[in-house]
Amino acid sequence: MKELKKIWHGKVTEALNKLRISMNVDCPGITEEEVPLENPPDPGMGDLGFPMFMFAKKFRKGPPVIAREVAEILSGDVELAEYGRVQS
């Protein structure tokens with residue numbers, strides 16, 4: 001599971017940076033250390049959670065909107081398909 005967390009953490013960070021670039025957000029690149037990784041409180045919500053609250057101000061969007069956009073970017077990643085599915 002540790003390896004899966006590392007893979008997902010890297011991919012979510014990558015997706016946030018793609019979103020940052022596409023939106024022309026004026027901030028330095030986002031690092032994995034800035035992206036929180038949590039276990040969701042409800043197992044029905046999945047195995048891993050990446051809260052987007054801390055990016056709302058930078059991206060000037062609500063966390064659910066950021067989560068949907070990140071999920072959209074990740075859904076196109078064929079490598080991730082073998083490790084699970086993305087939902088926001």
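**Exercise 1.** Is Val 35 buried or exposed in this predicted model?

*Solution.* Step 1: locate the residue. Val 35 sits in the loop between H1 and helix H2 (56–59). Step 2: read its relative accessible area, which is 3%. Step 3: compare with the cut-off, where buried means under 20%. Val 35 is therefore buried, because its relative accessible area is 3%.

**Exercise 2.** Find which residues Val 35 is in contact with, leaving aside neighbours within four places in sequence.

*Solution.* Step 1: list the contacts. They are His 9, Val 12, Thr 13, Leu 16, Ile 30, Phe 50 and Phe 55. Step 2: take one of these, Leu 16. The C-alpha atoms of Val 35 and Leu 16 are separated by 9.0 Å, and the two residues are 19 residues apart along the chain.

**Exercise 3.** Describe the largest nonpolar core.

*Solution.* Step 1: the core has 19 residues, and those touching the most other members are Val 12, Leu 16, Met 52, Phe 55, Phe 59, Ile 66 and Val 70. Step 2: H1 and H3 are the elements that give two or more residues to this core. H1 supplies the largest share, six residues. Step 3: look at Phe 59. Not counting residues up to four places away in sequence, Phe 59 touches Leu 16, Leu 19, Arg 20, Met 23, Val 25, Ile 30 and Ile 66.

**Exercise 4.** Describe the largest pocket and its lining.

*Solution.* Step 1: the pocket holds about 870 Å³ of space. Step 2: 29 residues line the pocket, and Met 45, Leu 48, Gly 49, Phe 50 and Gln 87 are the closest to its centre. Step 3: by class, the lining has 20 nonpolar, six polar and three charged residues. Step 4: the largest share of the lining, six residues, comes from H3.

Note on methods
Residues are numbered from 1 along each chain as its sequence is written. This is a predicted model: local features need pLDDT of at least 70, side-chain atom pairs count only at pLDDT 80 or more; totals for chains, interfaces and linings use all residues. Side-chain values use heavy atoms; hydrogens and water are left out. On a 1 Å grid over the protein atoms alone, a cavity is a set of points where a 1.4 Å probe fits but cannot get out, and a pocket is an open set with protein on both sides within 12 Å along at least five of seven lines; lining residues have an atom within 4 Å of a point. Grid points are joined across faces, edges and corners, and a volume is the space filled by probe spheres set on the points. Helices (H or I, at least four residues) and strands (E, at least two) are DSSP runs, numbered from the N terminus. Ala, Val, Leu, Ile, Met, Phe, Trp, Tyr, Cys and Pro count as nonpolar, Asp, Glu, Lys and Arg as charged, and the others, Gly among them, as polar. A nonpolar core is a set of buried Ala, Val, Leu, Ile, Met, Phe, Trp, Tyr and Cys residues joined through side-chain atoms within 4.5 Å. Buried means under 20% relative accessible area, exposed over 50%, partly exposed in between (1.4 Å probe, protein chains only). Contact means heavy atoms within 4.5 Å.
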